[in-house]
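Please look over the sequence and the model shown below, and then read the report that follows.

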Amino acid sequence: MPNAPDLQIAVLGLGLMGAPIARNLVARGHAVRVWNRDAAKLATVSGATPCTSVADAVADADVAITMLADDAAVHEVTFGSGGLLGALPRGAVHLGMSTVSLAIVSELVKAHASHGQEYIAAPVFGRPDVAAAAKLFVMPGGPAASLERLAPVFAAIGQATFPMATPEQAALAKLAGNFMIAGTLEILSEAFALGEKGGIDPEQLLALVTGTVFGSPVVNRYVPMIARTQFEPAGFALRLGLKDVNLVLAASQQLGLTMPVASVVQQHMVSAVAKGRGEIDIAGVATVVREAAGLGALRR
Ligand code: NAP
C-alpha cells in the first residue's frame, strides 16, 4: 500500500457522518472517490470524484471506507451484486466505520480474506459536528501492521485512535461505548423528569449537572437537549440508537451476560420509534420517559 497522500480512498456512504469524513480526507490531500445510494448526496463532497456505482468507486482503491447505516446496508454494499467484495482490488482494505454487529464483522473478515483483501473495523465516537472538525475518536481493530498503514486515514478524520486487537473487539468496544451513552440518556431523562415533577426549573438543573461533579463530554452534550426538549435536527437518529442497543443486547446474549439497563433503554426506544420519533435525535428517548411521568413529550 502506498504512503499518504498517495492513498486512493473510496468513501461509500455520505450520510451525516460519511460526508464530513470524506471532506476531511479530501482536505488532507488524499485522492477520494465517493459513492452514495442516493446520488443527490454525491455533490456534498467537493473535491472528491463522484461515482455512480460501488465498483467504479473502488476499482483502484487502496482503502474503501464504508460509513453506512446498519448491518443490512453494509451487507448489501459488500455482498450485493456489483458490491465491494467482487470489485475491490486484491491487497486493498475494506475499512468499516459503521456501528454494526459482531456477527457481520466476523463474516466480513472471512469473506475479504478469501478474496485476498483485508477487513479492518474502525468504528468512531463523535457526532457529525465532531466529524466535521476532524476530532473523532477512532477505534481501529486489526493487525498492528495494517493499522500502521492506515494511520494517515485516522489522522485525517480524528483526534486520537484507540487500537484494538481484532475487528470484532473494535466493534464490541464501540457497542460498549454506545451502551454507556444510551444508559446515560435514560438516567438524565429520568432525573430531569423527576426534577420537573417537583417544580425545579430544568435550566437550574442543567446548570447544576454541567457545573458540578456530573459534567463530562457526553453529559454536557446531551443535557441541554433533554432539559430544553430540543431533539431536532438529529445529529444521531433515534432509530440508529435503537439499532445499537439491539446490537448490545445481541452481543450480551452471544457472550452470556445480562444487561438489564440496556433492556429498559431498548423498551423506551422501541416506544419512541413506534410513536413516529425514529428520525429525531437519540436524546429524544426522553420524550417517552416524560410521557410516562405525565409531563407531555415536550416542554411548552
Ligand atoms: P445516516 O445519516 O442515516 O446515513 C446512513 C447512510 O447509509 C446513508 O449514506 C444511506 O444512504 C446509507 N444506507 C442506508 N441503507 C443503505 C442500503 N441498504 N444500501 C446502501 N446505503 C445505505 O447515518 P449516520 O449518522 O451517518 O451513521 C452512519 C453510521 O455511523 C451508523 O452505523 C451509525 O450508527 C454510526 N455512527 C453515527 C454517529 C452519529 O452521531 N450520527 C456517530 C458515530 C457512529 P442514503 O443517503 O441513500 O439513504
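Which residue in β5 does Ala 64 stand opposite?

## The model

This is a predicted model, in which local features need pLDDT of at least 70 and side-chain atom pairs count only at pLDDT 80 or more, while totals for chains, interfaces and linings use all residues. Residues are numbered from 1 along each chain as its sequence is written, and side-chain values use heavy atoms, with hydrogens and water left out.

Ala 64 stands opposite His 94 in β5. Strands β4 (residues 63-66) and β5 (residues 93-96) run parallel and are joined by four bridges; strands are DSSP runs of E with at least two residues, helices are runs of H or I with at least four, and both are numbered from the N terminus. Two strands count as paired if DSSP finds at least two bridges between them.

Both strands belong to an open sheet of six with parallel pairing, in the order β3-β2-β1-β4-β5-β6. Its edge strands, β3 (49-50) and β6 (118-121), each pair on one side only.

Helix α9 (residues 167-197) packs with helix α12 (residues 238-255) at an angle of about 120 degrees, their axes being 9 Å apart; axes are lines fitted to C-alpha atoms, for helices over the stretch in contact (heavy atoms within 4.5 Å), and angles run from 0 to 180 degrees between N-to-C directions. That angle makes α9 oblique to α12, because angles under 35 degrees count as roughly parallel, over 145 as roughly antiparallel, 65 to 115 as roughly perpendicular and the rest as oblique.

The contact includes Leu 172 and Phe 179 of α9, and Val 245 and Leu 255 of α12.
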